[in-house]
Amino acid sequence: MQLFITNINPKICAKHLDDLRLNKIIVESAQLLSTAYPELIDKPYKPTHVNHPLVKWLLKSRMHYFWTVDYLKALCDERKTRFPNCKLHKTEERFKSIQSGDWVLEEHDFHNCTPYKNLPTFEAYRKTLITKWKGDKKSPTWGGLTKVILKRSLKSNSSQQKKLGRLSKTHYLICSAF
């Protein structure tokens, strides 16, 4: 379970995710909300990971719940922006009537569920995403790619190398700026 909280603004967090994780985090945020507050959701998922640090974080404050609801909505909106011809995500159908509220949070209010406990929370989540991208078999993709943030070596016999033709054995992963 993970949320990848890279910014205080849920919309910016959603933009930071690559396509694969965007879909995964839609489901995982809905699972977390369902586990923490099933009574507030029309069609909640079955409870899962009830002792997970993020479930405990959600239960600490209603503002955490409201932020996560806004994040779920931002994730669904981002998915619609990137994939305008795709049908509605099943999670969005189930959670369309979920209500948010006002929240005022700062970076220290968020739980750091990364291996980088010594870093500020948002920076730790950004570093975690970059680390995960390095291990992906397929390079992450985004809509509106804008900034080089990570260099990745290619194997000389890879299909990507063949597609790149005469370009060097190193290419740059391009994504939205953090």
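**Close-up 1. Helices α2 and α4 cross at roughly 150 degrees in this predicted model.** The axes of the two helices come within 10 Å. Their crossing angle makes α2 roughly antiparallel to α4, since angles over 145 degrees count that way. The crossing of α2 past α4 is left-handed. To find the contact, look in α2 for Asp19, Leu22, Asn23, Ile25, Ile26, Ser29, Ala30 and Leu33. Their partners in α4 are Tyr65, Thr68, Val69, Tyr71, Leu72, Leu75, Cys76, Glu78, Arg79 and Arg82. Sorted by type, the residues of this contact are 11 nonpolar, three polar and four charged.

**Close-up 2. Helix α4 starts with a serine cap.** Here you can follow α4 through residues 62–82, which makes 21 residues. From its first C-alpha to its last, α4 reaches 30 Å, close to the 30 Å expected at 1.5 Å a residue.

**Close-up 3. Helices α3 and α4 meet at roughly 115 degrees.** Their axes come within 5 Å. On the α3 side, the contact is made by Trp57, Leu58 and Lys60. On the α4 side, you will find His64, Tyr65, Trp67 and Thr68. This contact brings together four nonpolar residues, two polar ones and one charged one.

**Close-up 4. Helix α2 lies oblique to helix α3.** In this view, α2 covers residues 19–36 and α3 covers residues 53–60. Their axes come within 9 Å and cross at roughly 60 degrees, and that angle is why α2 counts as oblique to α3. Past α3, the crossing of α2 is right-handed. Which residues of α2 meet α3? They are Leu32, Leu33, Thr35 and Ala36, and they meet Leu54, Val55, Leu58 and Leu59 of α3. Of the residues in this contact, seven are nonpolar and one is polar, with no charged residue.

Technical notes: Residues are numbered from 1 along each chain as its sequence is written. This is a predicted model: local features need pLDDT of at least 70, side-chain atom pairs count only at pLDDT 80 or more; totals for chains, interfaces and linings use all residues. Side-chain values use heavy atoms; hydrogens and water are left out. Axes are lines fitted to C-alpha atoms, for helices over the stretch in contact, and angles run from 0 to 180 degrees between N-to-C directions. Helices (H or I, at least four residues) and strands (E, at least two) are DSSP runs, numbered from the N terminus. Angles under 35 degrees count as roughly parallel, over 145 as roughly antiparallel, 65 to 115 as roughly perpendicular and the rest as oblique. A crossing is left-handed if the near helix is turned anticlockwise from the far one by less than a right angle, and right-handed if clockwise. Contact means heavy atoms within 4.5 Å. Ala, Val, Leu, Ile, Met, Phe, Trp, Tyr, Cys and Pro count as nonpolar, Asp, Glu, Lys and Arg as charged, and the others, Gly among them, as polar. The expected span of a helix is 1.5 Å times one less than its number of residues. A polar contact is a pair of N or O atoms within 3.5 Å; within protein, one must be able to donate a hydrogen and the other to accept it, and residues adjacent in sequence count only if both atoms are side-chain atoms.
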